[in-house]
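I am opening a notebook page on this chain. I want to see what packs against what.

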Amino acid sequence: MKYLLFLTALLMAVAVIVFFFFHGKGSKETGLRAAKAADGLDHYMYELVFRPESDELAVTLTLQYTNRTQDTQSDIVLRTWAGAYQQYETSPASIDELFDSCYPEGFSEGGISIEGVWWNDTIVSYSFDDEASTVLRVPVGAIAADESGRLRLRCRIQVPHCAHRFGESNGIYQFGNALPVLSVWQDGVWHTDEYWPIGDPFMSECANYDVTLSVPKGWMCAATGSSTSKSSGDRTLFSFHADAVREFGFALSDKWQKAEKKADGITVSAYALSKDGAKKAAEYAVKALRYCASHYGDYPYSTFTVCSIGFPFGGMEYPQLVMVSNSCFEKNSSDTLELTLVHETAHQWFYALVGSDSFNQPWQDETLCEYTVLGYVKERYGTDSFQALRATRVDAAMQDPLPLAVTPGSPISYYSSYTAYSSVVYGRGTAFLLDADEMTGKVDAALKAYCDRYAFRIASRDDLLTTLCDSCEADLYPLAVDYLDTLM
Ligand SMILES: [Zn+2]
């Protein structure tokens, strides 16, 4: 009895030490990559007030900006993607393939109204380059290399009744790519890509974010970053902080149920229309995070959030946040929810951690995420399941005829339908990585090296291909050209 007690006490002591050693180690290290990368980045501060009764969001943005290029800049360009939702002609949700799903009650007007722009506290003029009001140009005199300044912008965002990444659908308000964000400066100019309705035309540099959001009491918010909240009267004020992220995405609802899990020092939250759905999403998200971390390196942030919204896509990625379609939570859709979450979670490495030009090189993050889905299925469910999924997702796409003059390496503006885009980019593009892995067996290691080399930066197509060649110790350029650029 004594011996047993001693042994029990000894085992308990060892268990406590082991728990604190590993747990403490995990919690301390998680999020550290982002915190380290945060040093010296631009800083966004958004003050947001949400009024569901008028479908409006009032926005005050204060952006501390430093010109890190070698060029003198005479203006600053912000991407105001919400502007495109004002007109039927420019809305990314109004193409034939999407219109009925996105606007079930007919076209609904959204948009952005600018109330004022200040540069270093002086009011300045501004103009939109485009009919869709997505390229807001602010002349600021001259900002020399390494010079800093403060941009302030006040605007009002009108939320359309639209089941898209930005819009309201069945009482859920989704603000994907809705807030003004800096464009990217490359080769002496700001990117001014069109809000193309197929694919994701967005690109931005990493920055630090502090956001306050006032909502009516009872509303929940799924968002980028870690949060605190306090209620006073009939309003709740959320405060969010995020280090080294490319943008701030969020969604709001007073109908969700929430589930939360802690895994390896990361707080994983899921918001869905049922408690069961939220629990299942949190569990799959943890599995997906663990798979990606073990293959591509630690998850860089301390929180990861999933929310269920209404839109005709499977999911959409934001830093530390993924939006998943309500349809993935329906009965018998468990597999779809799991695989969608793996794809969107992989974007935390391939888009959030390593950025790329998803207008001109959409394959550069999408195929990496599809490749991850196949790898996850192989590891978790075995080779037969992997082969079956490969047959439907990749091999079938290789049999589809290519649309006219389009290859997986084409920009998104070459596509006029999601059906063709999915087949060519997600299907044929992924065949390149699978083939490269069959030849070398080292693609996972190469993708980890890619994440290490280009963390918190924007990588070019060449950066990815060079890393693949280096790590796989093979000249994969001919294979890449064959799969990505060859019409056949
Ligand atoms: Zn994707």
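Entry 1: I started with helix 10 and looked up its buried residues: Leu464, Thr467, Leu468 and Ser471. They sit on the same side of helix 10, because they cover an arc of only 100° around the axis. I note that the model is a predicted one.

Next I asked what covers these buried residues of helix 10. The cover includes helix 6 (363-381), helix 8 (418-440) and helix 9 (443-454).

I then checked the length. Helix 10 runs over residues 461-472, twelve residues in all. From first C-alpha to last it reaches 16 Å, close to the 16 Å expected at 1.5 Å a residue. After helix 10 comes Glu473, and its phi is positive, near 50°.

**Entry 2: the nonpolar core.** I went to the largest nonpolar core, which has 139 residues. Which of them touch the most other members? I found Ala251, Ala270, Ala281, Ala285 and Leu341. Helix 4 (residues 275-296) gives the most to this core, with ten residues. The core also draws on domain 2 (43-255) and domain 3 (363-485), at least three residues from each.

I took Leu341 for a closer look. Leaving out residues up to four places away in sequence, Leu341 touches Ala281, Tyr284, Ala285, Ala288, Val306 and Val324.

Strand 14 (residues 207-216) and strand 17 (residues 235-245) run antiparallel and are joined by nine bridges. I looked up Val211 and found its bridge partner in strand 17, Phe240.

**Entry 3: Leu321.** Is Leu321 buried or exposed? It counts as buried, because it has 28 C-beta neighbours inside 10 Å, and 20 or more are enough for that label. Leu321 lies in strand 23 (residues 321-325).

I listed its contacts, again not counting residues up to four places away in sequence. Leu321 touches Ala222, Ala223, Thr224, Gly249 and Thr305. I also checked Gly225. Leu321 and Gly225 are 96 residues apart along the chain, yet their C-alpha atoms are separated by 8.3 Å.

Note on methods: Residues numbered from 1 in each chain as written. Predicted model: local features only at pLDDT ≥ 70, side-chain atom pairs only at ≥ 80, totals over all residues. Helix = DSSP H or I, 4+ residues; strand = E, 2+ residues; numbered from the N terminus. Expected span 1.5 Å × (residues − 1). Buried ≥ 20, exposed ≤ 12 C-beta atoms within 10 Å, placed from the backbone. Arc of directions from axis to C-beta. Contact = placed C-beta atoms within 7 Å. Core = buried A, V, L, I, M, F, W, Y, C linked by C-beta atoms within 7 Å. Domains from an automatic or database assignment. Pairing = 2+ DSSP bridges.
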